[in-house]
Structure formats: structure tokens, C-alpha cells
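Work through the following exercises with the structure open beside you. Try each task before reading its solution.

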Amino acid sequence: MTETIAQPSFLLVSLVKVVVLLFLVLTAVAYLVWFERKVAAHLQGRWGPYRTGPHGLLQPLADGLKFLLKEDVTPSGADRFLFVVAPFLTMTLAISSIALIPFGPASIHIFGEVTPLVVANVNVGLLILFAITSVGVYGVALSGWSSNSKYSLLGALRSSAQMISYEISLTLSIVGVLLLAGTFNLSELITRQSGHTWGIVPKWNLLSPTLPQILGFFCYFVSAVAETNRAPFDLAEAESELVAGYHTEYSSFKFAMFYLAEYASMITVACLSTILFLGGWLSPFPQTPGLDWTRYLPSALLAIAGLALIIHGVRYLTLFGKFVLPLLGIALCALAFLCSRPNVIFYIQGPFWFLAKVFIVLFVYVWVRWTLPRFRYDQLMRFGWKFLFPLALFNVVLTSLAVVMHK
Amino acid sequence: MTPQLAIFLLLAAVAIAGAVNVILQRHPIHSAISLIVVMVALAGLFLTLESEFIAAIQIIVYAGAIMVLFVFVIMLLNAGAEEPTNMSRMARYAGVPLAIFLLVELGYQIGAATLSWTQQPSAEGVTRGISMLLFQDFVFPFELTSVLILIAILGALVLAQREDGAPSKSGQGEIT
């Protein structure tokens with residue numbers, strides 16, 4: 001760190017990476033909202049956003065514009081400074097944690113610098129990530145307190161109590177993985193999961209030969225859902241009791257910031273579960289000559305998606321859709337062709353598998369939200385403290401035992 | 001001036017400004033938030049000294065756990081801005097000489113101390129070293145501390161229990 005800070009080229013490269021990542025993350029967040037609305041609608045036998053652009057693809061843009069143009073109301077008696085700071089804090093923390101996520105093993109060349117696919121490769125990356133998450137409680141607590149509204153205050157108290165309670169099982173559920181890997185570095189955590197048991201089952205921590213971290217993954221996933229305040233743990237937003245929880249009094253873009261932060265932290269949590277339990281950027285297939293064809297899977301998937309989009313697009317209802325959807329399909333096909341080039345195919349493997357796993361985890365997230373009913377508050381606390389916490393602790397003991405026995 | 005030194009000085013300035021602000025603010029929540037700023041700035045200082053592990057722990061434990069409880073309690077009690085009483089006005093006359101005395105002593109001690117800049121072991125080394133100290137060399141005091149904390153938790157539970165002996169419904173005291 002001492003040597004690297006002094007180099008201006010390092011700063012420049014980092015700046016480029018930050019800007020690119022920020023753009024990608026904000027786009028991903030916007031379309032995650034669209035994705036959630038679509039999946040929710042289809043789970044409930046509805047269509048979801050459909051009118052704003054073909055299949056509602058322009059809905060995020062319309063929503064953003066709407067949030068920007070709405071009147072920004074500050075309630076009377078509010079603590080003005082904290083009222084403004086809280087949403088900024090929430091969104092900054094939610095987005096900055098993504099800087100620690102490594103997206104692939106390959107290094108890229110920018111301005112003659114060789115740099116890995118991660119903004120900050122910190123030795124204690126996992127701890128820094130938890131540090132950022134643990135400070136996130138303030139966004140919730142302060143927004144609720146500064147609003148000078150009883151609904152906001154009660155919502156904030158509920159949700160911060162919930163976040164503190166589930167942070168314990170969240171942190172404990174990861175100790176098992178740490179015991180297996182012996183490092184806090186997120187990139188190293190992934191590389192230590194490489195290899196296959198009996199040549200077929202990947203040695204991901206979820207299926208680790210020492211002790212499969214199934215309990216750990218369960219605890220992690222449930223606590224993560226609670227930590228991001230999503231259903232069935234969204235008691236802070238129990239509209240029948242608390243209007244909308246801690247952000248009741250927020251309007252306009254400050255509300256949008258809370259909204260964006262929720263989805264950004266969803267992405268972080270999904271990335272983290274991919275890194276910790278699902279082998280990160282590692283391909284699920286063994287890297288043997290017989291399975292060389294699996295390297296073309298990304299291209300094949302993209303090509304199929306592109307072709308389907310073209311065929312569907314030309315028969316779309318509106319003229320705009322007839323034009324835009326095939327164009328998108330052609331772009332996907334071109335991307336598929338690009339990905340199958342021999343000098344690109346190596347770079348695309350890591351990010352592809354990583355993003356594919358993250359996407360699956362995110363889908364499960366959305367699926368859970370629209371399937372399970374909300375907990376009652378005492379049930380939530382009992383579940384967290386009397387079931388999840390001991391279970392995570394049990395997992396730590398079991399894994400330590402397995403690690404010692406394995407030596 | 002090297003960039004590291006500039007960042008170090010900036011963070012130090014933030015930490016001191018935050019610490020002063022803790023006293024100057026009238027409202028407890030504002031004071032608590034200033035204290036959080038101090039904690040985060042201190043973590044930044046540890047980062048510039050290449051102690052990543054200590055920096056992360058500093059934020060997780062102090063900013064993420066202890067100060068959350070402070071803020072929580074202030075919010076729960078709905079504490080308002082503090083009002084000066086006769087005693088607190090008197091504290092000014094006793095406090096200023098005491099502060100000057102403390103500053104002089106600190107200055108003397110810093111001037112007398114020899115500061116050595118030794119190379120820190122790698123982050124993994126720091127983590128391993130701290131774990132070895134905690135769980136091997138000082139395992140008895142460490143476990144004793146956890147028993148002490150357990151006693152404190154039990155005490156809190158006893159105090160939080162209702163008068164008629166009925167256990168509270170949520171198992172979390174009276175947070176909700």
C-alpha cells in the first residue's frame with residue numbers, strides 16, 4: 001500500500017475502475033428493480049411493467065426521472081442535517097462495499113498497468129466488508145430518528161434491532177468458511193475452493209470435502225435476507241403497522257437513494273455468498289480436455305438469448321419494440337461471437353461464472369420475497385436468537401472439529 | 001510531504017475535530033455521531049499505518065457495535081438537548097485547568113518518548129499473531145473477560161424483567 005499510493009498511474013487506473021464499476025452497478029441496480037417487478041408479477045400471474053418501452057425495459061429510466069422531478073419534502077421539526085446525511089450514508093456504504101468484490105481471476109491492461117478485476121484487493125477484504133455493513137445500521141437509525149415522526153422512529157428501532165440481531169448469525173455463519181480457507185482475502189478465498197472431489201463435484205465451500213458448509217450457507221442466506229431488510233424479514237416496512245418504516249417521511253430523490261441502497265446491498269450480499277460458498281468465479285466443470293467445450297457455454301447462452309430475442313422481437317406488438325428488441329438480440333449475438341474468440345474466451349470465463357452464480361442467488365432472493373409471508377416481530381427475534389444463532393455456533397464447532405480431524 | 005503523510009495528517013485533523021465536536025454539540029445524538037466520526041478516522045489512521053486488521057476491527061467493534069448501542073439508547077430514551085445547570089457551569093472553572101494540565105503532560109510524554117517506525121508484519125501475520133496472543137498466551141484473562149460480559153448480560157436480563165415476574169414477550173427486553 002505504501003508504494004502503490006505514491007504512483008499516479010495506480011490512482012488513475014483505480015479511478016477508471018471505480019467509474020466503470022459505479023456505472024455498471026447503478027445500471028445493474030436499476031434493472032434489478034425491473035427484474036424483481038417482472039418476476040414478482042409473473043409469480044402472481046400478472047404482467048408487470050409493460051407499457052414503458054418493450055416489456056417495460058425503460059421503466060427504470062422513467063422511475064428515476066419521476067424521483068428526480070418530485071417535490072422534496074422535509075418534515076417540520078426534523079433534524080435537517082441528519083435528515084439529509086442519512087440517505088447519503090446509506091447509499092454510499094451500500095455501493096462502496098462492491099469495490100471489494102473480485103469479479104474474475106484474469107488481469108486486465110489499462111494504460112500499460114496490469115490490474116486485477118477488483119477495485120480494492122485488501123488482505124482483510126472480508127472484515128472490511130463487514131465493517132462497512134455494520135456501519136450501515138446508522139443510515140436506518142438516523143433516518144428514522146431525524147424524521148421527527150413516530151412511524152419512522154418505530155420503524156428505525158425495529159429495523160436496527162433486527163439488523164444488530166442478525167449480524168451475529170451472519171458473522172458466525174462465515175467462521176466455518178474462514179476455518180476451511182484460513183484467509184480474509186476474498187480472491188484467495190475463491191482460489192482455495194478450486195479443484196473437484198472425485199473429479200466431478202466442485203470443491204466449493206458449500207460442498208467442501210472437509211465438511212460441506214450447508215448449515216453455514218443456510219444461516220448466511222437467511223441472515224443476509226434479514227440484514228438487507230427484505231421479506232419475509234421486512235418488518236421495518238410493515239405497511240399495515242408502520243406505513244413504510246424508517247423512510248416514511250422521505251420523498252423524491254432521497255427516497256430513491258434508500259431504494260437504490262436496498263438493491264445495491266442485495267447485489268453485495270449475493271456476490272459475497274457466491275464468493276464464500278459457491279466458488280466465486282470458478283467454473284463448476286473440471287478443467288479437463290474432455291470438457292473443453294464448456295468454455296463455449298457463455299457464447300452459446302448469449303447466442304441463444306440473442307436469437308430468441310430477435311425472433312420474439314419481430315413479432316412484438318409495438319413498432320418501437322419491433323425495432324429495439326431485434327437490435328438488442330443482434331447486439332447479444334455479436335457479443336456471443338466476440339466471447340468465442342480465442343483471445344477473449346479466457347478473460348470471459350471468470351466474470352461469466354461469477355455473474356451467473358450471482359444472478360441465480362438474486363433470483364432466489366426475489367423468489368423468496370414473493371413466496372413467504374412476513375414474520376411477526378417476536379417470531380423474528382425468537383428465530384434469530386434462539387434458532388439461527390445457536391445453529392451458526394453449532395456449525396462453527398462442527399467445522400472446527402472437521403478441520404482438526406482432517407489434518 | 002509524501003501522500004501517506006498528507007492522508008495521515010488529514011485523518012488526524014478529522015479525528016481531533018470530531019473529538020472536539022463531541023463536547024461542543026448540545027444534543028446527545030450529535031455528540032454520538034461525532035464520536036463515530038472519530039472512530040472511523042482512527043480506523044483510517046490504522047490503515048495508513050498498514051494495520052488493516054486493527055482498522056477493520058476498530059470499525060466493526062467501536063463504530064458498528066458499541067456506538068450503535070449508544071445511539072440506540074439515546075433514541076429509545078428520546079433524550080433532548082442538554083441544559084446547562086449550576087454544576088455544569090462550575091465544571092468550566094475546574095475543567096479548563098485540568099485540560100491544560102493534561103495537555104502539558106501529554107506534550108511532555110510525547111516529547112520524551114522515542115518513536116520508532118518499525119516494519120509491520122503482513123496482515124495475515126497480524127491476524128495470526130493477535131489470535132495466538134488471545135487464544136494461547138492470554139487465554140485465561142480472555143475467557144475471564146467473556147465470563148464477565150456474560151454476567152453483565154445476565155444482570156441486564158434481570159433488570160429488564162418485569163416486576164410481576166412475567167418474562168417479556170419478545171425475549172429482547174423492552175426494545176419494541
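**Exercise 1.** Among contacts in chain A between residues at least 6 apart in sequence, what percentage join residues at least 24 apart?

*Solution.* The model is a predicted one. Take the contacts in chain A whose partners are at least 6 apart in sequence; 76% of them join residues at least 24 apart.

**Exercise 2.** Describe the overall build of chain A and compare its radius of gyration with that of a compact globule.

*Solution.* Start with the elements: chain A has 15 helices and four strands. Next, take the extent of the C-alpha trace, which is about 65 × 65 × 50 Å along the principal axes. Then apply the globule rule: for 407 residues it gives a radius of gyration near 22 Å, and chain A agrees because its value is 22 Å. Finally, buried residues account for 43% of the 407 residues in the chain.

**Exercise 3.** Are A:His55 and A:Thr171 buried or partly exposed?

*Solution.* First recall the cut-offs: a residue is buried with 20 or more other C-beta atoms within 10 Å, and exposed with 12 or fewer. A:His55 has 19 such neighbours, so this residue counts as partly exposed. A:Thr171 has 18 and is therefore partly exposed. Now locate them: A:His55 sits in the loop between α2 (8-43) and α3 (59-69) of chain A, whereas A:Thr171 belongs to helix α7 (residues 150-181) of chain A. A further point concerns the backbone. Most residues other than glycine have a negative phi. A:His55 has a positive phi, near 55°.

**Exercise 4.** Describe how α9 and α15 of chain A pack.

*Solution.* Two packed helices are described by the angle and the distance between their axes. For α9 (residues 214-227) and α15 (residues 377-406), the angle is about 140° and the axes are 9 Å apart. Their crossing is left-handed. On the α9(A) side the contact includes A:Leu215, A:Cys219 and A:Val222, and on the α15(A) side it includes A:Gly384, A:Leu388 and A:Leu391. Sorted by class, the contact has seven nonpolar, four polar and no charged residues.

Key:
Residues are numbered from 1 along each chain as its sequence is written. Chains are lettered from A and ligands numbered from 1 in the order in which they are written. This is a predicted model: local features need pLDDT of at least 70, side-chain atom pairs count only at pLDDT 80 or more; totals for chains, interfaces and linings use all residues. Axes are lines fitted to C-alpha atoms, for helices over the stretch in contact, and angles run from 0 to 180 degrees between N-to-C directions. Helices (H or I, at least four residues) and strands (E, at least two) are DSSP runs, numbered from the N terminus. A crossing is left-handed if the near helix is turned anticlockwise from the far one by less than a right angle, and right-handed if clockwise. Two residues are in contact if their C-beta atoms, placed from the backbone, lie within 7 Å. Ala, Val, Leu, Ile, Met, Phe, Trp, Tyr, Cys and Pro count as nonpolar, Asp, Glu, Lys and Arg as charged, and the others, Gly among them, as polar. The radius of gyration is taken over C-alpha atoms; the globule rule is 2.2 Å times the number of residues to the power 0.38.
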